[in-house]
Amino acid sequence: MRKACDEDIMRDALRYASAMLGELRTSQLAPQKYFDVYMTVFDQLVNLEIFFADERSKGQQAYGALYELVQHAGNVLPRLYLMVTVGCLYIKSKEAKAKEILKDLVELCKGVQHPTRGLFLRAYLCQRSKGLLPDTGSEYEGNGGGNVNDAVDFLLSNFIEMNKLWVRMQHQGSARNREKRETERQQLQDLVGKNLTYLSQLDGMTYELYSGTVLPKVMEQIVSCKDGIAQQYLMQCVIQGFPDEFHLGTLGAVLNVLPELQPDVKLPIVMASLMDRLARYATTDMAVLQRLLEMKAFERFQDAVSKVLASQVGMAAADKVEMFVALLNFTGSVLPSNIGNVNAVLSAAYAALSSAGGLSGDMKAERGLVALLTIPLTKYDVVTGLGLSEYPLLMGLLRHRTHKDLATKIILTIVESGTRVGSEEKVAMLFRFVAPLVRDSKEGGNEDLDDEDMEREQVLVARLLHSLYADDASHHFRLLAAAKQQVQAGGPRRLRHTLPALGFAGLAIVRRLAAGEAAAAEAGGGSKAGGGRGADEAGCEGSAEDGDADGGKTAEGGTGEGEESVPGAGSGGAGEGGGGGKGEGKASTAEAVRVEPATVEAVTVESVLQWVLSVALSLADVATQPALAVQLLLAGGLAASEEAKAELLAYAFFEEAFTLYEERVSDQRSRVNVLFSIIGALQRCTVFGEENRAALVQNASGYASRLLKRSDQCRAACACSHLSWQHHAPAGAAGDSAVGGGGGKVAGHDGGKGKGAAAAAGSGGGSGPVRDASRVMASLKRAIKAANAAKQQIEATARAASPDAIATYVSLYIDIFHQHLYYYDRGVDGFSPAVLQALIDLIQGELAARAASNSASDAAAMAAWGRTAAYVKARAAAAGAPAGQDAAGSKERYAALTVRG
């Protein structure tokens, strides 16, 4: 053919071209291979077209004659390819009217009904005629050549015929090759879609022409073909191909077609494409958004979803969920402020899924449902999301594991964003959202959860409890009470992790209320009705962690390692009334305050403390490690003493702590730690009268003496000595904790004259610090006795004991000496230079006897004594006197001590 073209032999060129086009008559090639042949022929037809144009320019062959000549080709398929080639040149030369030639060609192509051959022939016609259509503004428009309506008719006719051929491919061959044919059809879908693409690109395509002519005919063809693959692809072509403003005006027509489509059409994808286009379009122009609202676009989409579900009863759960995901994304983008629409979508989704038996184990549907439930968390804040009443119902359709993962995500969103949940209704809804983490599932699956995983989950719930907050302390308390009712259904394994958070959150409310009462007293109001708003703000900084720290300062407050105890926060005003306070009228025994108070409009410090006590006792019942329950009781006792000034309530907390220590703490190491915690908390309490304090101190001292190891008995006795000497006093009280300068006088009494001073300090329900020098000395004598017993025990087993064990009692003597220095600094009666010198001589004698030893314990003891000796010498040189003490008096006292080292 190319040789004939080069030699200008027309008949040979047509003959060889017809033979070449005859290769396209084959039915043996797969569509992909046929496409390769078609592209090769297409390239050669371009050369043939150039030859025809050259012949016309030479005046040797008119297009009209050539158009008739090619019609004599022997076979239909080559004849039509040649007619399309010549016909396009004929139109381009303007020797013929575009409308007539195009109509002729599109009708003649009906002569090829083989699906593959016919599709490629019409694809060739569509491609060659591009740019030759009588479009608006085109050079081929008018003068009998037609107008945009003729161009539309041509493209629509070609589209309809091509779609019929494309659908017919599905019904060729055996049923076992169905999947192969579907794959081949999808490879050819762009040939059909070109017609719609060219339609959308017409300059003369107006909304009126689209809505009145194009869309009705296209939709009619889509529905009538009854083929899922064709309907899926063509709906996407319409949505993606035509302008947004066209879709806005024809939304109803498109949505009405959806229920008529085949069940295998992925309607969620179709609807999502349409919704996404309109949502993006709305973001570009507020007028578009307003129009969407006026035309009730969301309601139309919602109605379309309902109709689709009604028409396709057997729709897979995954497809249903995907459709609701698209609808929820649309309303979230177009109407973000309308939370009612979100709830309506979730309600419809629940109704559609539950009526069909839920997700039926469909993992794809479950992933889609998680995506659906995640949308409100990302588009709205969690507090707003808590107003979605249908949310928990949909969550209930998930498997327990997936439901739990989503609940974990909700909690993390709240905690990490710092969101505060401030109403009882939303607290109840929140716990419905996170139900799998709060209580066991009916499906089971919790029994095999190991302790580590359970702890990780419940720590999240505990963090969530600290997100419950209200500006009004009474309201805040009611939130915690509502949360307690929810978590109590979780069983012992959960409660042992969540109850501590509840208790310490309650103590934070105690601080707020106490700060409010103190502010009201300072302002002269004298009211104690739950604390004013401003006081709440002042006291809200205290958190549960603060409460934990208060109760957690254990042995450090009472061991007396040269350190001073820190008074409890908020221990202000002696005018608050001492030990009795309101607590005496509330309860007289621990059993009386175990009853949880009824919720009232305005709570008091005492009622919140009673509630905290009930939480602590519940924790004691379920805790595997009772030490945490003891810590909560001690924090509550300290708050009752220093914040509420409620002596009986404070006593009840410590009574329960002692009971729990005696009955539940069995491990010796734990007993030592818990006892030091009790001593540390009790030392900081100033509310107790003499009788109650004596009972508590006696218990602590008794338990200290019954510890198993002598070294523990010694250190516990040293700690107990601080229970009889509190250096701090309530703010504004007489005898504030200043220590007299010279002469060892302590402000408020004459040198600490024994029990008389203690009685004076303890009268009036704990109006001042306890300072009983005789009891301090008695405690330290018990410590010396325990250290001597440790020495005798070690010496009795010297052959079996290690050198490190032999040196242990020396460290005990040094610890006791440190306690003596503490009281000596404060001028406590009975701590004379002679008493301290006796201890110094004892220690130095023991260290001298051990001088030849190379053990690590001996070296540590000698180093510790060296630092102590250096301190004594520095004080003797009038250097390093504590703040508030007379340097000269300090020098005089320490000069009386003789140390070596």
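The secondary structure of the protein, taken from a predicted model, amounts to 43 helices and zero strands, where helices (H or I, at least four residues) and strands (E, at least two) are DSSP runs numbered from the N terminus. Residues are numbered from 1 along each chain as its sequence is written, and side-chain values use heavy atoms, with hydrogens and water left out. Because the model is predicted, local features need pLDDT of at least 70 and side-chain atom pairs count only at pLDDT 80 or more, whereas totals for chains, interfaces and linings use all residues.

Of the 901 residues in the protein, 54% are buried; buried denotes under 20% relative accessible area, exposed over 50%, and partly exposed the range in between, with a 1.4 Å probe and protein chains only. Among contacts (heavy atoms within 4.5 Å) between residues at least 6 apart in sequence, 74% join residues at least 24 apart.

The largest nonpolar core contains 248 residues, a nonpolar core being a set of buried Ala, Val, Leu, Ile, Met, Phe, Trp, Tyr and Cys residues joined through side-chain atoms within 4.5 Å. Within this core, Tyr81, Leu199, Phe301, Tyr391, Ile410 and Leu609 touch the most other members. Helix α31 (residues 605-622) gives the most to the core, contributing twelve residues. At least three residues of the core come from each of domain 1 (243-398) and domain 2 (491-519 + 603-708), with domain bounds that come from an automatic or database domain assignment. When residues up to four places away in sequence are not counted, Leu609 touches Leu507, Val510, Gly636, Ala639, Ala640, Ala644, Leu649 and Phe653. A second, separate core comprises 39 residues, among them Leu821, Tyr824, Phe831 and Leu897.

Helix α6 (residues 98-108) has a buried side formed by residues including Ala98, Ile101, Leu102, Leu105 and Val106. These residues lie on the same side of α6 because they cover an arc of only 125 degrees around the axis, the arc being that of the directions from the helix axis to the C-beta atoms. An α-helix has 3.6 residues a turn, so residues three or four places apart point the same way. The face of α6 turned away from the buried side carries the exposed residues Glu100 and Lys103, while the cover over the buried residues of α6 includes α4 (63-69), α5 (76-92), α7 (115-129) and α8 (148-168).

Aromatic pairs number 24 when rings of Phe, Tyr and Trp (its six-membered ring) are paired if their centres lie within 6.5 Å, with planes under 30 degrees apart classed as stacked, over 60 as edge-to-face and the rest as tilted. Phe35 and Phe120 form a tilted pair, 6.3 Å centre to centre and with 45 degrees between the planes. This pair links distant parts of the chain, as Phe35 in helix α3 (residues 31-57) and Phe120 in helix α7 are 85 residues apart. Phe35 is partly exposed, with a relative accessible area of 32%, whereas Phe120 is buried at 0%. An edge-to-face pair is formed by Phe477 and Trp611, with 5.4 Å centre to centre and 80 degrees between the planes. Phe477 lies in helix α26 (residues 473-487) and Trp611 in helix α31, so this pair ties together parts that are 134 residues apart in sequence; both Phe477 and Trp611 are buried. Ring pairs also link Tyr34, Phe35, Tyr38, Phe42, Tyr81, Phe120 and Tyr124 into a cluster.

Met429, in helix α23 (residues 424-433), is buried, with a relative accessible area of 12%. Leaving aside neighbours within four places in sequence, Met429 is in contact with Leu386, Leu388, Ser389 and Pro392. The C-alpha atoms of Met429 and Pro392 are separated by 8.1 Å, although the two residues are 37 residues apart along the chain.

Two loop residues other than glycine have positive phi values. Asp8, in the loop between α1 (2-6) and α2 (10-22), has phi near 60 degrees and is partly exposed, at 34% relative accessibility. Lys226, in the loop between α10 (207-225) and α11 (228-241), has phi near 55 degrees and is exposed, with a relative accessible area of 60%.
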